[in-house]
Amino acid sequence: MNRNNNTVVSNGKKAGLLATAAVALTLGSGLAMAADTPYYIGGDVGKASQRVDGNAQKRSSDSYSIFGGYKLNENFAVEAAYTDLGKIDFGGVSTKNKVYSLDGIARAPLGNNFGLYGKVGVAYAQRDYSAGLGDDHKTGLKLGVGVDYALTKNVSLRAEATRFNNMPDANGFNKKVDRLGMGLAYQF
């Protein structure tokens, strides 16, 4: 048997499968509940990109996020998230990037089931470097803007652009990471 014919799932596909499974479990576990509580959870998949080598080159990676929040009212919420920004390779060094964040969200309804939101938060970022270079971490600002659409009373579709402003910036990796994501949120 030729080993090259074995099926191998890439890290990006694994991240997508994990995020999809998390959302499916979330939706399945709360179907009997009404959207009468202010709590919500969800997940998304996306692409993260960053500049390397003094902004001379750009690298992208698959990404996923799992989040949960509390709606203060229809216009304001507080949200906690874990975001895996994937693996980036540059100059013989690879790095795995992950972020834990706490955000304040302001939302403006745009019409029937649509909304526009912005978020500002604090993000604790970790980078694990290969080649025996160890790891590094920093805390910094997180900014985001997105749109949402209520599919049902409990389920909404979200698309979001996010910037992480203070990633560890050693070994040629830039401190800014941009991310585009799309996912689902479920309100209990």
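1. Two strands are taken as paired if DSSP finds at least two bridges between them, and the helices (H or I, at least four residues) and strands (E, at least two) are DSSP runs, numbered from the N terminus. The model is a predicted one, in which local features need pLDDT of at least 70 and side-chain atom pairs count only at pLDDT 80 or more, while totals for chains, interfaces and linings use all residues. Residues are numbered from 1 along each chain as its sequence is written, and side-chain values use heavy atoms, with hydrogens and water left out.

2. On the overall fold, the secondary structure of the protein chain comes to one helix and eight strands, and along the sequence these follow the pattern α-β-β-β-β-β-β-β-β. Of the 188 residues of the protein chain, 38% count as buried, where buried means under 20% relative accessible area, exposed over 50% and partly exposed in between, with a 1.4 Å probe and protein chains only. If a contact is taken as heavy atoms within 4.5 Å, then among contacts between residues at least 6 apart in sequence, 56% join residues at least 24 apart.

3. A81 stands opposite S101 in strand 4, while T95 stands opposite Y129 in strand 5. Strand 3 and strand 4 form a hairpin with two residues between them, and G91 in that turn has a positive phi of about 55°. Strand 4 and strand 5 likewise form a hairpin with two residues between them, where N113 in the turn has a positive phi of about 75°.

4. What places G121 among the buried residues? G121 counts as buried because its relative accessibility is 11%. Its place is in strand 5, and although G121 and S101 are 20 residues apart in sequence, they are 6.7 Å apart in space, C-alpha to C-alpha. Leaving aside neighbours within four places in sequence, G121 is in contact with L102, D103, G140, L141 and K142.

5. On the nonpolar cores (sets of buried Ala, Val, Leu, Ile, Met, Phe, Trp, Tyr and Cys residues joined through side-chain atoms within 4.5 Å), the largest has eight residues, namely A48, L85, V99, A123, A125, F164, M167 and V177. Apart from this core lies another, of seven residues, among them F67, A77, A81 and Y117. For V177, the contacts beyond four places in sequence are with A48, S49, Q50, L85, R127, T162, R163, F164 and M167.

6. Grid points are joined across faces, edges and corners, and a volume is the space filled by probe spheres set on the points. For residue classes, Ala, Val, Leu, Ile, Met, Phe, Trp, Tyr, Cys and Pro count as nonpolar, Asp, Glu, Lys and Arg as charged, and the others, Gly among them, as polar.

7. The largest pocket has a volume of about 500 Å³ and is lined by 26 residues, of which K71, R107, D148, S156 and Q187 lie nearest its centre. By class, this lining has 13 nonpolar, seven polar and six charged residues. Among the strands that each supply at least two residues of the lining are strand 6 (135-150) and strand 8 (173-187).

8. The structure holds four cavities of 30 Å³ or more, and the largest cavity has a volume of about 70 Å³. Of the 13 residues that line the largest cavity, S65, T83, K142, E160 and R179 are the closest to its centre. Strand 7 gives the most to this lining, with four residues, and by class the lining has three nonpolar, three polar and seven charged residues.

Note on methods: On a 1 Å grid over the protein atoms alone, a cavity is a set of points where a 1.4 Å probe fits but cannot get out, and a pocket is an open set with protein on both sides within 12 Å along at least five of seven lines; lining residues have an atom within 4 Å of a point.
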